[in-house]
Amino acid sequence: MMRIPRVYSPQLISIGDEVKLEPGPTRHLTSVLRMSVGQEVILFNGQGGEYSGQLVEARKGLASVEIKTFNETDRESPLSLHLGIGISRGERMDWIVQKATELGATQITPLFSERCEVKLTGDRLVKRVRHWQQVAISACEQCQRNKLPTINSPVPIQNWLANCSEDLKLLMHHRANKRLHDLAQQAASVALLVGPEGGFSDQEINQSGQQGFQPLAIGPRVLRTETAPVAAISIVQVLWGDFQ
């Protein structure tokens with residue numbers, strides 16, 4: 001039995017509405033899944049909760065869903081988590097955005113740093129941010145989150161450090177002596193800073209310390225830039241979030 005597809009649509013949705021889906025979801029439901037009229041679909045618009053409905057139109061280029069019920073289910077972590085991550089090359093950044101979304105990150109900000117090898121400007125930057133936002137949407141559809149994480153436009157690391165206001169600020173640094181389990185304080189919000197493939201420079205590490213970031217190591221092994229945030233977010237969700 002096929003699992004009921006979950007589809008994101010940014011529209012205002014109410015019970016009884018007939019929602020005409022956007023081209024991407026339409027193509028997925030009609031061309032990829034080959035769904036037909038009468039089959040059930042779940043919609044969410046990122047405002048919280050999800051809507052159950054049935055396809056009333058399903059053909060190439062057109063799909064509409066009649067909304068039947070609303071479910072208030074909240075799958076968001078009580079912990080507000082802001083990931084600042086050095087921009088990686090190729091599909092690594094997509095993987096980071098996808099996994100951070102699945103693990104419950106509230107915000108993700110890609111960072112330009114001294115050793116960042118990715119150059120993004122102008123239209124290329126705008127397209128890349130839109131792409132990452134779509135990666136996050138797809139991850140929410142899969143993991144059943146009903147609210148989208150905020151994918152911010154890339155900024156220089158110095159700008160991000162100066163504007164972080166979270167309760168607890170953590171820098172993942174494999175040469176640090178302190179471990180996450182050494183932190184006794186409680187936190188309702190966490191800023192997590194992870195470097196690019198080449199790591200942060202000494203100056204950037206010093207700047208993060210001046211802005212209240214504590215350097216922490218996850219363990220004795222050096223993790224790749226795409227592995228470190230997954231491990232760190234998981235541990236943080238166990239300590240202060242909704243992982244048990």
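**Contacts around Leu171**

Contact means heavy atoms within 4.5 Å. By that criterion, and leaving aside its neighbours within four places in sequence, Leu171 is in contact with Leu193, Phe200, Ile205, Ser208, Phe213, Gln214, Pro215 and Leu216. This is a predicted model, in which local features need pLDDT of at least 70 and side-chain atom pairs count only at pLDDT 80 or more, while totals for chains, interfaces and linings use all residues. Residues are numbered from 1 along each chain as its sequence is written, and side-chain values use heavy atoms, with hydrogens and water left out.

Leu171 is found in strand E10; helices (H or I, at least four residues) and strands (E, at least two) are DSSP runs, numbered from the N terminus. With a relative accessible area of 1%, Leu171 is buried, where buried means under 20% relative accessible area, exposed over 50%, and partly exposed in between (1.4 Å probe, protein chains only). Leu171 and Gly84 are separated by 87 residues in sequence and by 9.5 Å in space, C-alpha to C-alpha.

**Strand E6 and its partners**

Strand E6 (residues 80–86) has six of its seven residues buried, so it is largely enclosed by the rest of the structure. Two strands pair if DSSP finds at least two bridges between them. E6 runs parallel to strand E11 (residues 189–194), to which six bridges join it; in E11, Val190 is the bridge partner of Leu81.

E6 also pairs with strand E7 (residues 107–112), in the parallel sense and over five bridges. Within this pairing, Ile85 stands opposite Pro110 in E7. Together with helix H2 (residues 92–102), E6 and E7 make a right-handed β-α-β unit. A crossover is right-handed if, with the strands pointing away from the viewer, the path from the first strand over the helix to the second runs clockwise.

**The five-stranded sheet**

An open sheet is formed by five strands in the order E1-E3-E4-E5-E2, with mixed pairing. Strand E1 (6–8) and strand E2 (18–20) stand at the edges, each with a single partner strand, so one side of each is left without a neighbour in the sheet. From one strand to the next, the twist averages 40°. Axes are lines fitted to C-alpha atoms, for helices over the stretch in contact, and angles run from 0 to 180 degrees between N-to-C directions.

E1 and strand E3 (residues 40–44) run parallel and are joined by three bridges, with Tyr8 opposite Phe44 in E3. Helix H3 (residues 122–143) lies across E1 and E3, running at about 150° to E1.

**The largest pocket**

The largest pocket holds about 480 Å³ of space. Its lining comprises 25 residues, of which Met172, His174, Gly199, Val222 and Leu223 lie nearest its centre. Strand E10 (168–172) and helix H5 (202–210) are the elements that give two or more residues to this lining.

On a 1 Å grid over the protein atoms alone, a pocket is an open set of points where a 1.4 Å probe fits, with protein on both sides within 12 Å along at least five of seven lines; lining residues have an atom within 4 Å of a point. Grid points are joined across faces, edges and corners, and a volume is the space filled by probe spheres set on the points.

**Positive phi values**

Most residues other than glycine have a negative phi. Arg34, in the loop between helix H1 (23–32) and E3, has a positive phi near 55°. Arg34 counts as exposed, at 67% relative accessibility.

Gln144 lies in the loop between H3 and strand E8 (150–151) and has a positive phi of about 75°. With a relative accessible area of 29%, Gln144 is partly exposed.
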